[in-house]
Structure formats: C-alpha cells, structure tokens
Amino acid sequence: MRIFCSLILALSLLSCGGPSAQQGGGEKVDFKYASLLSITKYDGYTVATIGNPWEDDKALHTYVLVPRDKQLPVHLPKGTVIRTPLQKAVVFTTVHCSLLMDLGCRDKIAGVADLKYIKIPWIQKQVRRGKISDCGDGMSPVIEKIIDIHPDAILLSPFENSGGYGKLEDLDIPLVECAEYMEVSPLARAEWMRFYGLLFGKQKKADKLFAEVDESYNDLKQEAEEAGEGRSVMMDKLVGSVWYVPGGRSTIGQMIKDAGGRYPWEDDEHSGSLPLSFETVLEEAFDTEVWMFRYEGDKPISFGQFGEEKNGYQQFRAYQTQEVYGCNVRTSRFYEESPFHPDWLLNDFIHILHPDVKLKSPLKYYKKLN
C-alpha cells in the first residue's frame, strides 16, 4: 500500500508538467533557454531570481513581485519588493523601450536615459512634447527628474565591477537589472521578454510573442542545416587600434553557428567580445569568404569609403572579392530589435552565408557594399 501510494503521488506530480511544475510549495516557471532566470509563483506573490553572470552559483538580484491590488503578505522572502503590474517606469536602454512597445506598454515609459541612443521616433516625439522625461546620461542620470516622476521601477543594465548605481540606490525605487545580454544564446536572451511581460502585466502576450520568435528562429535554423555548410565569415572592423570580434560563445558567435557559417573564433569560450590587434585578426581571418560589420553613419558607406579606412583591409580575401556587408546601426533598428527578435537577424546571416538559399524575407539589417 505504501509503495502504491508513492506511485500515485509520483504520477500526480508528473501530470502537472507543461509550462510550469510544482516545487517547494511554489509553482516554478519553466524556461526553455534562459539560464540566468528563475521564477517561482507562490500564493500572493512571485519570486524572480537573476543569476550572477560573473559569479557562478550566486544571485545578482532577487525580486518579490506582489500584485498591486493585493495587500502585502505578512511573511515575504528576502528580496526587492515590486508592485505589479508596473504603471510607470524609467528605462535606460533603447532595446527595452522597443520591447515595451512590442508588448503594448509604451504608455508605461515615463522617463528614459541616454536619449541620443534611442532611435524610436515615438519616444523622441513624446520627449519633445514633455510626455516622457529625459533623465540625462545613463551613467550619471539627473536624480531630481527621476524623483519627480515617482516611477515604480528603473530598468537598467548591470555591468561587471561597475561599483554599483550610485545615488540611484538611495531612492528607494526598485532597480530592475536587465542582464539578458549576458545569456549565451540568442533565444536565451530573447526569452527574457517573458520576465518583462510578468513585470508589466503582459505575461500572456510576452509568452505568445516568444513562442513565435522561437518557432521562426528554429525553422530558419533547420533551413540552414538542410543547406549544408555555409561560407566562412569575419565580423566587424577596426575601431581605433582595437578590433573587437564576437567571442565564440557570444550570441553572435552562436548565431553564426546556427546559420551554418564557419567562424575563425568558433572554438573560443568567451561570451563577450575579444579585443584583438589588426595583425591578429589578419592572421586568423585573412582567407574568410564574407565580411560583415556594423557602422554608424548618416548614409550608407560605399565600398571605396570602406577601403580608405584602413590600408590593410585590402589583404583580406572578402575585400578582394567584394563580399563585404555593412549594417548601419544609425539608420536601422539593429540594436532595438535584434536582441528580442533574433530570428530577423538570423535571416540576414543565412542570406549572406548561404547565397543559394531562397528565404521568404529579404535582408533587413546588413546590405552589400556598393
């Protein structure tokens, strides 16, 4: 009888599978790709823990989300309490402004920082009209403006060894540390939209949007696999005296792999960028077939202008064959869209690395230099 009861209990727990499962008295939300997020729903509140991307097995931040239409439970676990859904937020990054607009939450953006980097016409217009406050530079925001807004939370990006957030930490306003950029795959990063949907009361919409992105990305990945091995590629270009190339475990490095491309640093273990000299890049990537880089300009850069930037560029095979593609981050919404819509960027990669594959959507960000 004891064994029989144990089997019945085990089967009943298994039957609760799906998007979440019971754990420790709470209902744990399952994430398909994200490794830095852990969310558990309890009666009356939800605990969201962000893992520290720079220190294994440590938490970067723990949030306790309590519906604003309910009283605070008497006994809450340790963590920053946030009343949800958020009604007013100060957003420090253009990518999260873009996501909130996708989720139908643009009216919740009460203030922004680093306005010059937010290339979203609606937000620029609302700032000019005084509907959204310009809170200054993200590294040294205007504290008085943030106080005047009375936001429910501030969304910002954490950085390793940043030394904290200065006076922002004294405001008694929850700081939501947006660490999704430290995830090691494009879909893991995009899946964080489900967390932001939870914060703003748009959980179902965020879950639906991510499911669409997930399906689209994997369909494209399957097309690349069926096409076989793609062309070899080198990324970006010299900035001053340093050439920053994506590490092998970065989201761009993973995307090259998913697109079937060959990459000189594909075996590298770094999830960020590698600062290299021109000579090192030339030695490793001189024979790659394709060159893709990002730049910022008022108009498209020509092939001639590109070659004039550095005499040594002519030594690369991709330059000699004119297989060079540029992404103008000023005139496109590369930074706003691609983190939460990696399928759109993967489409570009497959187009370029598999020129014989015919995809439904045209190039969106990268264009071949004329």
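**Entry 1. Thr46**

In which strand is the place of Thr46? I located Thr46 in strand 4, residues 45-51; strands (E, at least two residues) and helices (H or I, at least four) are DSSP runs numbered from the N terminus. I worked throughout on a predicted model, in which local features need a pLDDT of at least 70 and side-chain atom pairs count only at pLDDT 80 or more, while totals for chains, interfaces and linings use all residues. Residues are numbered from 1 along each chain as its sequence is written, and side-chain values use heavy atoms, with hydrogens and water left out.

I found Thr46 buried, with a relative accessible area of 11%; buried means under 20% relative accessible area, exposed over 50%, and partly exposed in between, with a 1.4 Å probe and protein chains only. I then listed what Thr46 touches, not counting residues up to four places away in sequence: Ile39, Thr40, Lys41, Tyr63, Val64, Leu65 and Leu198. Contact here means heavy atoms within 4.5 Å. From Thr46 to Lys28 I noted 18 residues in sequence and 9.6 Å in space, C-alpha to C-alpha.

**Entry 2. The chain as a whole**

I recorded an average pLDDT of 92 for the protein chain, with 94% of the residues scoring at least 70; pLDDT is the predictor's confidence in each residue, from 0 to 100. Over residues 1-23 the pLDDT is below 50, and this stretch has 16 contacts in the model beyond near neighbours in sequence.

I counted 13 helices and 18 strands in the protein chain. The radius of gyration is 23 Å, close to the 21 Å that the globule rule gives for 370 residues, so the chain is as compact as a globular protein of that length. That radius is taken over C-alpha atoms, and the rule is 2.2 Å times the number of residues to the power 0.38. Along its principal axes the C-alpha trace spans about 70 × 65 × 35 Å. Of the 370 residues, 50% count as buried. Among contacts between residues at least 6 apart in sequence, 56% join residues at least 24 apart.

**Entry 3. Nonpolar cores**

Which residues have the most contacts inside the largest nonpolar core? I noted Phe195, Trp291, Phe349 and Tyr366, in a core of 98 residues. The largest share of this core, seven residues, comes from helix 7 (residues 203-227). A second, separate core of 15 residues includes Ala110, Ile149, Ile154 and Tyr165. A nonpolar core is a set of buried Ala, Val, Leu, Ile, Met, Phe, Trp, Tyr and Cys residues joined through side-chain atoms within 4.5 Å.

For Tyr366 I checked the contacts, leaving aside neighbours within four places in sequence; among them are Met235, Met292, Tyr325, Phe334 and Phe349.

**Entry 4. Helix 8**

Why is helix 8 largely enclosed by the rest of the structure? Six of the eight residues of helix 8 (residues 251-258) are buried, so the helix is largely enclosed. I identified the buried ones as Thr251, Ile252, Gly253, Met255, Ile256 and Asp258. They pack against helix 5 (186-190), helix 7, strand 12, strand 14 (242-246) and helix 13. Just after helix 8, Gly260 takes a positive phi of about 80°.

**Entry 5. Two buried loop residues**

I placed His341 in the loop between helix 12 (334-337) and helix 13 (342-353). His341 is buried at a relative accessible area of 8%. The His341 side chain makes a polar contact with the side chain of Asp102 at 3.0 Å. A polar contact is a pair of N or O atoms within 3.5 Å; within protein, one must be able to donate a hydrogen and the other to accept it, and residues adjacent in sequence count only if both atoms are side-chain atoms. Leaving aside neighbours within four places in sequence, His341 is in contact with Asp102, Leu209 and Val213.

Ser232 lies in the loop between helix 7 and strand 12 (233-235), and I found it buried at 8% relative accessibility. A polar atom of the Ser232 side chain lies 2.9 Å from the backbone nitrogen of Glu289.

**Entry 6. Backbone geometry**

Most residues other than glycine have a negative phi, and most peptide bonds are trans. I noted a cis peptide bond joining Thr84 and Pro85, with omega about 0°; Pro85 lies in the loop between strand 6 (80-84) and strand 7 (89-91). Asp114, not a glycine, has a positive phi of about 55°. His150, also not a glycine, has a positive phi of about 55° and is exposed, with a relative accessible area of 56%.
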